[in-house]
Amino acid sequence: MAFATSFAAVSWAARGFPMQWSGPVSVSSLQPAITSTFADTSAMDDERKRRESAAQKDTNPSLDRIRQEVLQAATGFEMSPCNSAMKKNLIEALTAYTRAWQAKLNCPVKMFCTDEKLNAAAAAFSTPLDLRVKDALLRAFLQPGIVKTDFPASVQFDMLQFAGPGLWGDPVPMAGAGPSVCGSQTGASARDLR
């Protein structure tokens, strides 16, 4: 016991006789890190507008026109999938958009594309407007009426990356895409008839 006490005293002295005093601790109330109200999206809207304006500085006007046409055609088809003119507009707009992507990529065989070309094409088609286009296309292709084979063979594979899972399946018309959904009524959308 004398050895243990001596050992503890010597090691305490070797450390410089440390003593810890726990004095009074000051505690203040927590302050919120952010101020927000329920359903207040003004900060997100401001951030989105700032990103879109920053992206607009280095955009290609002809590509922006194609993006706007796809956005408009996708929204039109989503609202009226039984309208053959809306279907035709969406097919033509997405075909032009896909061909613009193919031209930017500039790879006849995608398997042998360099990383630089792939990254450049991905960056060119990742603007905030492109994200809105992809979202609109996803919603549009949830509607019945368009299949992969409606598109030219030269873009069928590449346009699937923009179209979303609505066209990834077999190239047969979706269930309910025929006259039973659209009927002979004019001006009625598939959503109205469900």
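Is the crossing of helix 4 and helix 5 left-handed or right-handed? In this predicted model, the crossing of these two helices is right-handed. Helix 4, which spans residues 84–105, packs against helix 5, residues 115–124, at an angle of about 145 degrees, and the two axes lie 8 Å apart. On the side of helix 4 the contact is made by W101, K104 and L105, while helix 5 contributes K117, L118, A120, A121 and A124. When the residues of this contact are divided by class, six are nonpolar, two are charged and none is polar.

These helices belong to a chain that holds nine helices and zero strands, so that the order of elements, read from the N terminus, is α-α-α-α-α-α-α-α-α. Of the 194 residues in the chain, 30% are buried.

A second pairing is formed by helix 3 (residues 61–79) and helix 6 (residues 128–140), which pack at an angle of about 25 degrees with their axes 8 Å apart. Because angles under 35 degrees count as roughly parallel, helix 3 is described as roughly parallel to helix 6. Helix 3 passes helix 6 in a left-handed crossing. The residues of helix 3 that make the contact are D64, R67, Q68, V70, L71, A74, T75, F77 and E78, and those of helix 6 are L129, D130, R132, V133, A136, L137, R139 and A140. By class, this contact of helix 3 with helix 6 comprises nine nonpolar, two polar and six charged residues.

Helix 6 itself has 13 residues and reaches 18 Å from its first C-alpha to its last, which is close to the 18 Å expected at 1.5 Å a residue. Its buried residues are P128, L129, D130, V133, A136, L137 and A140. An α-helix has 3.6 residues a turn, so residues three or four places apart point the same way.

Although S62 and A100 are 38 residues apart along the chain, their C-alpha atoms are separated by 9.6 Å.

Note on methods. Residues are numbered from 1 along each chain as its sequence is written. This is a predicted model: local features need pLDDT of at least 70, side-chain atom pairs count only at pLDDT 80 or more; totals for chains, interfaces and linings use all residues. Side-chain values use heavy atoms; hydrogens and water are left out. Helices (H or I, at least four residues) and strands (E, at least two) are DSSP runs, numbered from the N terminus. The expected span of a helix is 1.5 Å times one less than its number of residues. Buried means under 20% relative accessible area, exposed over 50%, partly exposed in between (1.4 Å probe, protein chains only). Axes are lines fitted to C-alpha atoms, for helices over the stretch in contact, and angles run from 0 to 180 degrees between N-to-C directions. Angles under 35 degrees count as roughly parallel, over 145 as roughly antiparallel, 65 to 115 as roughly perpendicular and the rest as oblique. A crossing is left-handed if the near helix is turned anticlockwise from the far one by less than a right angle, and right-handed if clockwise. Contact means heavy atoms within 4.5 Å. Ala, Val, Leu, Ile, Met, Phe, Trp, Tyr, Cys and Pro count as nonpolar, Asp, Glu, Lys and Arg as charged, and the others, Gly among them, as polar.
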